[in-house]
Amino acid sequence: MVKACAYSPDGWRIVSGSWDDTLKVWDAGSGTEVATLRGHSSMVKACAYSPDGWRIVSGSWDDTLKVWDAGSGTEVATLRGHSSMVKACAYSPDGRRIVSGSLDKTLKIWDAESGAEVATLRGHSSMVKACAYSPDGRRIVSGSLDKTLKIWDAESGAEVATLRGHSSMVKACAYSPDGWRIVSGSWDDTLKVWDAG
């Protein structure tokens, strides 16, 4: 079962994460498998390319994130700190930070170069299912099993706002390209569009 997928910034590659504990990199034009990334000890639930396309980050049910060299498929770093499964991950627009969301009800911000944990964001009352940076990198949005979204200051980690309205868990979220809106998807069979300001 494939649980996650993402395009590279240049559109030439696709990465996918699977129940079989691996990621695969594909040629987006031909559909040919380019590489298999092995290292996680449980299913891969999330994956993303860095903005420059040189790195891939993955989040797993083994409670870790891994950073990979997108060209060679070599494991570059393992990010440890979550106390339960990692359900979501994303790079900041400048590529300097990674955010992750977990079954442990927290988000963590990591230094993308060193792998060091920079901050832990606490406030959700249940698992974090989705997360994303704003286009300017100043905010993070997260969606949770607690039926809410939260907006965070990406620098300080402070909670900025809580968005309530869904009647079931929030499974997906994203910023609009101009940063003015947030869209969320829920198990209540709806999408909601929010004013991000």
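Let me begin with Gly29, which counts as exposed because its relative accessibility is 76%, where exposed means over 50% relative accessible area, buried under 20% and partly exposed in between, with a 1.4 Å probe and protein chains only. Gly29 sits in the loop between E3 and strand E4 (33-37), and its C-alpha atom is separated by 31 Å from that of Ile182, 153 residues apart along the chain. Strands (E, at least two residues) and helices (H or I, at least four) are DSSP runs numbered from the N terminus.

A word on the source: this is a predicted model, in which local features need pLDDT of at least 70 and side-chain atom pairs count only at pLDDT 80 or more, while totals for chains, interfaces and linings use all residues. Residues are numbered from 1 along each chain as its sequence is written, and side-chain values use heavy atoms, with hydrogens and water left out.

Now the backbone. Most residues other than glycine have a negative phi. Asp21, however, has a positive phi of about 80 degrees; this residue lies in the loop between strand E2 (13-18) and strand E3 (23-27), and counts as partly exposed because its relative accessibility is 25%. Lys105 likewise has a positive phi, near 80 degrees, and is placed in the loop between strand E10 (97-102) and strand E11 (106-111), partly exposed at a relative accessible area of 40%.

Which residues of the largest nonpolar core touch the most other members? Of its 13 residues, they are Val99, Leu107, Ile109, Leu121, Tyr133 and Ile140, a nonpolar core being a set of buried Ala, Val, Leu, Ile, Met, Phe, Trp, Tyr and Cys residues joined through side-chain atoms within 4.5 Å. The elements giving two or more residues to this core are strand E9 (86-91), E11, strand E12 (117-122) and strand E13 (128-133), and E13 supplies the largest share, three residues.
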